[in-house]
Amino acid sequence: MEELPSITVSQREQFLVENDVFGMYSYFDTSDIATQKFMVEIQRDKQLDYLMNGLRQLGPSFSSLDANRPWVCYWIIHSIALLGESVDDDLENNTIDFLGRCQGSDGGYGGGPGQLPHLATSYAAVNTLVTLGGEKAFSSINREQMACFLRRMKDTNGGFRMHNMGEIDVRACYTAISIASILNIVDDQLTRGLGDYILSCQTYEGGIGGEPGSEAHGGYTYCGLATMILINEVDRLNLDSLMNWVVHRQGVEMGFQGRTNKLVDGCYTFWQAAPCVLLQRFFSSQDLAPHGSSSHMSQGTDEDHEEHGHDEDDPEDSDEDDSDEDSDEDSGNGHQVHHTSTYMDRRIQPVFDSLGLQRYVLLCSKVADGGFRDKLRKPRDFYHTCYCLSGLSVAQHAWSKHEDTPPLTRHILGGYANHLEPVHLLHNVVMDRYNEAIEFFHRAA
């Protein structure tokens, strides 16, 4: 009897995931129109119920996240904002007061009251307060002490430590510069040598690892690329290689994986799609075509997406959407942020399959009772809900020349009933909240 070839554990897991995903797609494709519409509906009411309930009260199973409480606030409140809603005054005031108790006397925010200040939870706290918006939320941030905290976390190698005597990695670099950019406290001390450190983390594959010598990873690639854009050193990276790596992380399931030969995961809907759009807009601004990504460059045409059910007679498909006046926007700290019309003069085809990505998230990551998950058979959680919704927003707006240009109906799987607010790609906060914060902190300088 001929011996069957053995397969690795990774191969077996990949086969099982593909079987689940393709089974779901087959069921969807053979369903009637009413069922299909229901299956891809984002179901805002259920999403909001899940999120609001989590913000008010978490069960004992969440005790393991005690050192991540500002993150829970961010994941939930940002998700609510993406859905075009906001919390009531009581929840807003309670959140501001709670985060105030997490703020250290010497700057930065810890994972809870009395905990050690940490760059990751500081980023989450600042983004939460920016998303809440308003003078009370903005004024609760001690900018001067935050600047001192960021300088203390700066290392002589150009990078940043996550906390006092903590690890140095690309995540720390991004969270520090993102905070400094929004709060308008970027200075030469913070940016000195930072580009060199990020550059040392780009791998032979093209993506960016957490530290020099580490494997390329979607989360770190986003953090590294966003950091380099914020400090105006993005052209130092090998962008062709980076583009080639990131577009090939979209697999046959149409979702993104975080690393080579890993399983698809809903959270990378944001971590990988955002770099795709950032790079696409950068290349567009340089009037260059990225090399090495031809297999994905051909995806995303209207003809290719007829099967997803978009309306060929879309009344919103007009040249009016392309007539916005161009305007450059400063980040408020002297660094020009590449998120406006310097990127594109017209709508251009995404370098990834944006409707395919939405299909994966809405059919395989969305949970019927609210919330999103990694993949089928996995439980929902607030982290995946946040980044699945963030990535859905990126995918919906991927064809738009500006982050705040409304997408056409045919670019949103499920139509405008599923439309999400646009995010600022470098900070992952809703655009109108970002603009409000930038104006406030520019005046405060």
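Asparagine 184 is found in the loop between α9 and α10; helices here are DSSP runs of H or I, at least four residues long, and strands are runs of E, at least two long, numbered from the N terminus. With a relative accessible area of 14%, asparagine 184 is buried. Buried means under 20% relative accessible area, exposed means over 50%, and partly exposed is in between, with a 1.4 Å probe and protein chains only. The phi of asparagine 184 is near 65°, a positive value in a residue other than glycine. Most residues other than glycine have a negative phi.

Before I go on, this is a predicted model: local features need pLDDT of at least 70, side-chain atom pairs count only at pLDDT 80 or more, and totals for chains, interfaces and linings use all residues. Residues are numbered from 1 along each chain as its sequence is written, and side-chain values use heavy atoms, with hydrogens and water left out.

Asparagine 428 also has a positive phi, near 55°. Its place is the loop between α18 (382-396) and α19 (431-444). Is asparagine 428 buried or exposed? At 0% relative accessibility, asparagine 428 counts as buried.

Aspartate 187 lies in the loop between α9 (170-183) and α10 (188-191). Its side chain meets that of arginine 151 in a salt bridge, 3.0 Å from N to O. A salt bridge is a side-chain nitrogen of Lys or Arg within 4 Å of a carboxyl oxygen of Asp or Glu. Arginine 151 is in helix α8 (residues 143-153), so the pair ties together parts that are 36 residues apart in sequence. Aspartate 187 is partly exposed, at 22% relative accessibility, and arginine 151 is partly exposed too, at 30%.

How many salt bridges does a search of the whole structure find? The search finds 14. One of them joins aspartate 88 and arginine 56, with the closest N and O atoms 3.9 Å apart. Aspartate 88 sits in the loop between α4 (69-82) and α5 (89-102), and arginine 56 in helix α3 (residues 44-56), so this pair ties together parts 32 residues apart in sequence. The relative accessible area of aspartate 88 is 38%, so aspartate 88 is partly exposed.

Glutamate 215 forms a salt bridge with arginine 259, and here the closest N and O atoms are 3.2 Å apart. This pair links distant parts of the chain, 44 residues apart: glutamate 215 is in the loop between α11 (194-200) and α12, and arginine 259 is in the loop between α13 and α14 (268-271). Glutamate 215 is partly exposed at 40% relative accessibility, and arginine 259 is partly exposed at 28%. There is also a network of salt bridges that links Glu167, Asp169 and Arg171.

Glutamine 257 is in the loop between α13 and α14 as well. At 13% relative accessibility, glutamine 257 counts as buried. Its side chain and that of arginine 249 are joined by a polar contact of 2.8 Å. A polar contact is a pair of N or O atoms within 3.5 Å; within protein, one must be able to donate a hydrogen and the other to accept it, and residues adjacent in sequence count only if both atoms are side-chain atoms. The side chain of glutamine 257 also reaches the backbone oxygen of arginine 259, at 3.3 Å. Leaving aside neighbours within four places in sequence, glutamine 257 is in contact (heavy atoms within 4.5 Å) with residues including His248, Lys262 and Tyr268.

Next, helix α1. At 1.5 Å a residue, the 21 residues of α1 (residues 9-29) should span 30 Å, and the end C-alpha atoms are 30 Å apart, which agrees. The expected span is 1.5 Å times one less than the number of residues. Which residues of α1 are buried? They are Gln14, Val17, Asp20, Val21, Tyr25 and Phe28. These cover an arc of only 130° around the axis, which puts them on the same side of α1; the arc is that of the directions from the helix axis to the C-beta atoms. On the other side of α1, Arg12 and Asn19 are exposed. What covers the buried residues includes α2 (33-40) and α17 (354-365).

Last, the core. The largest nonpolar core has 132 residues, and Leu150 and Phe352 touch the most other members. Such a core is a set of buried Ala, Val, Leu, Ile, Met, Phe, Trp, Tyr and Cys residues joined through side-chain atoms within 4.5 Å. Beyond its neighbours within four places in sequence, phenylalanine 352 is in contact with Gln250, Phe256 and Ala398, among others.
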